[in-house]
Structures are given as C-alpha cells and as structure tokens.
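Here is a chain whose description rests on a few defined terms.

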Amino acid sequence: MTPPTPRRGQGLVRPYVVTDGRAHPTRNTFDLVTLVIAQYDRPLGGLSPEKYRLMELCLGGPLSVAEIAGHLVLPVSVTKVLLGDLVDSGHLITRAPIPSAQLPEAQILQEVLDGLRARL
C-alpha cells in the first residue's frame, strides 16, 4: 500500500493571484530591512485581503519588509509587490534603515591618543 500523497492546504492562493500576475514591484526600493510605516488616515475599504492584513499589521507600528513577510507567511517577492502597491496608493511610507556608524580611521585614533599622551 502506498502512502497518501500530501495535499496542499485548503485556501492556498498562488502568489501570482495575490500580485495580480506581477512578479516585480512598481518600485525597486525595498530592502529586507526597509522600514514600513502605515498612514493612519487612509481608508482600508476596497483593499484585497492580503493588502488589508498587511495594513492591519503595519498599523501596530513600523516593521521591516522581512518582518512583514514573516508575519504574513508570504514570500518576500510577493510582499514587495504588495508593499509597492500600498506605497503608490499612499497607504504606506517607507524609510531606509539607519546606516551603521562607520568606525574612524586608525590614523585619526592614533593622533588623538598621541595628543592626549602629550598633554599628560
């Protein structure tokens, strides 16, 4: 007797259905750590179920693209398409992550150390 073939979960929607057949977002400015912030004054009526869930999630506070994809259990590529649509409609704004601080050059640190030693 052969084991039963695993079935896909009911309610599974293909990514191309969620994105209206598009594979790329309207803007290519989303990184995994781009912060997404919801605009509270935008109406949520008329949004697709996935966009509505995304908006509900973002209304709780700023989240990164990776966090949103994880919470929605959607591929990052699909999440970026949805985010692009919501940014275009004014429902969301994005902010690039704060860049990490650059360390000063060793030469500058040595000059500061030499200056401090000369004063002591």
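What follows is a set of questions and answers about the sheet, a helix pair and a salt bridge. This is a predicted model, in which local features need pLDDT of at least 70, side-chain atom pairs count only at pLDDT 80 or more, and totals for chains, interfaces and linings use all residues. Residues are numbered from 1 along each chain as its sequence is written, and side-chain values use heavy atoms, with hydrogens and water left out.

Q: How do you know that strand E1 and E3 pair?
A: Two strands pair if DSSP finds at least two bridges between them, and E1 (residues 35-38) and E3 are joined in the antiparallel sense over four bridges. Leu35 stands opposite Arg95 in E3.

Q: Why is H2 called oblique to H3?
A: The axes of helix H2 (residues 49-58) and helix H3 (residues 65-72), lines fitted to C-alpha atoms over the stretch in contact, with angles from 0 to 180 degrees between N-to-C directions, cross at roughly 120°. Angles under 35 degrees count as roughly parallel, over 145 as roughly antiparallel, 65 to 115 as roughly perpendicular and the rest as oblique, so H2 is oblique to H3.

Q: What makes the meeting of Lys51 and Asp85 a salt bridge?
A: The term requires a side-chain nitrogen of Lys or Arg within 4 Å of a carboxyl oxygen of Asp or Glu, and the side chains of Lys51 and Asp85 meet at 3.2 Å, N to O. Because Lys51 lies in helix H2 and Asp85 in helix H4 (residues 76-88), the pair ties together parts that are 34 residues apart in sequence.

Conventions. Helices (H or I, at least four residues) and strands (E, at least two) are DSSP runs, numbered from the N terminus.
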